[in-house]
Amino acid sequence: MIKRSKLFGNKTRVTFSLPADEPAGRVSVVGDFNNWEPGRHELQARRNGTRTVSVPLDPGHYKFRYLASDGVWLDDEQADVVGPSGSEIRL
């Protein structure tokens, strides 16, 4: 799940969310906005049964995917575009 919140100026806070237990283990969101670096934006468990991480982003198009600790790549079906190379959001 993806939630967008406008910030001061032209930035948007994008919150990436997955269920707390699926997939098991640590999960990071990686993409154009963090040079596809695993662990830089790791999802954290919340009391509502989800895991989330928020990233402030400038306007633009960003490709991203979720990377689980066992090397499994996941796409976000709520992204603006989902294709063979992953998910994409447009801000």
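Okay, a quick definition before we start: a residue is called partly exposed when its relative accessible area falls between the buried limit, under 20%, and the exposed limit, over 50%. R90 sits at 42% relative accessibility, so R90 counts as partly exposed. Keep in mind that what you're looking at is a predicted model.

So, who does R90 pair with? Its partner is E88, and the two side chains meet in a salt bridge at 3.2 Å, N to O. Now, is E88 buried or exposed? E88 has a relative accessible area of 14%, so E88 is buried.

In general, side chains of opposite charge can pair when their charged atoms come close. How many salt bridges do we get here? The count comes to 5. Let me walk you through another two.

Take D80, which makes a salt bridge with R4, with the closest N and O atoms 2.8 Å apart. This one ties together distant parts of the chain: R4 is in strand β1, residues 2-6, while D80 is in the loop between β7 (73-74) and β8 (81-83), and the two are 76 residues apart.

D75 has 26% relative accessibility, so put D75 down as partly exposed.

Notes:
Residues numbered from 1 in each chain as written. Predicted model: local features only at pLDDT ≥ 70, side-chain atom pairs only at ≥ 80, totals over all residues. Heavy atoms only, no water. Salt bridge = Lys/Arg side-chain N within 4 Å of Asp/Glu carboxyl O. Helix = DSSP H or I, 4+ residues; strand = E, 2+ residues; numbered from the N terminus. Buried < 20%, exposed > 50% of the residue type's maximum accessible area, 1.4 Å probe, protein only.
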